[in-house]
Amino acid sequence: MNNFIKTTFLLGALTGLIMLIGGLMGGSRGVEFAFIFSLIMNFGSYWFSDKLVLKAYNAKELTQQDAPDLFNIVRELTTAAGTPMPRLYEVQSDTPNAFATGRNPSHAAVAVTTGIMRICTRDEIKGVIGHELSHVNNRDILTSSIAASLAGAIMMLGTMARWGAIFGGFGGRDENDRGGALGLIVMAVLAPLAATMIQLAISRTREYQADASGARLTHNPLLLANALRKLETANERIPMDAGPATAHLFIVNPLSGAGLMKLFSTHPPIEERIRRLEEMASGSGRA
């Protein structure tokens, strides 16, 4: 419940940022336009985010004959969870990773890379799939897609605000509604940064929750902990050719980065995730 409240608050903050930028750019009419714009972005995210991300990574849909062991793992876990069987996809990449997408359990897809199927054991794959199915069951994918869309919209509006400040602002505002060139400049700089930080906070919150839910689903937190150790090492050695807009979907951060860039990571530290899983294992004798 705490995670739900936090996520709802953060999504509200993103929508509020869009409306604030709209007000600075166009006064009361700008607020109305920004609100409608955010609704359109949410609608598009709800219906089309899964198709777009699968296409972006040239994911190939798998059949039972293509990957019988993977299908058996997913069927075992969905039966235990009482949820529908998702569509399964394969991404051609040596980098071991996985992600889930889809607006709800009835319209879900789980994608694995060829790399993860090669280096992980069956138990480790089970831990990874449990994590991804938990994202779907917790509606995290929908939340993350909406957050990414709203953050993208804020960044686009921030760019428009910057150009508006350079060329004297936007027309159509009366004197009482004017945000002023200074306000536009400040918003153009701060809004994208704030949007990014809010998006990252949402993503990190949901990763911890999916780790815990996945551990309970597999009845063994150490399966995922062992997989995370292996995936972190491999992803540092062979970073994936992934887009920043979709990096938050993967079980481990597919992008390389160190130092200051870690502050902007879509994922919490692997060491902390493993520590929490090991505490679950020792505290309950395996979730």
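The model is predicted, so local features need pLDDT of at least 70, side-chain atom pairs count only at pLDDT 80 or more, and totals for chains, interfaces and linings use all residues. Residues are numbered from 1 along each chain as its sequence is written, and side-chain values use heavy atoms, with hydrogens and water left out.

Start with α4 and α7. Helix α7 spans residues 221-237. Helices here are DSSP runs, H or I, of at least four residues, numbered from the N terminus. The axes of α4 and α7 come within 7 Å and cross at roughly 100 degrees. Axes are lines fitted to C-alpha atoms over the stretch in contact, with angles from 0 to 180 degrees between N-to-C directions. The pair is therefore roughly perpendicular, a label for 65 to 115 degrees.

Who meets whom? On the α4 side, the residues include Glu 124 and His 131; on the α7 side, they include Leu 223 and Lys 230. Contact means heavy atoms within 4.5 Å.

Now Lys 230, in α7.

Lys 230 and Glu 124 sit 106 residues apart in sequence, yet 9.3 Å apart in space, C-alpha to C-alpha. Their side chains are joined by a polar contact of 2.9 Å. Such a contact is a pair of N or O atoms within 3.5 Å; within protein, one must be able to donate a hydrogen and the other to accept it, and residues adjacent in sequence count only if both atoms are side-chain atoms. A polar atom of the Lys 230 side chain also lies 3.1 Å from the backbone oxygen of Ile 119.

Notes:
Helix = DSSP H or I, 4+ residues; strand = E, 2+ residues; numbered from the N terminus. Parallel < 35°, antiparallel > 145°, perpendicular 65-115°, else oblique.
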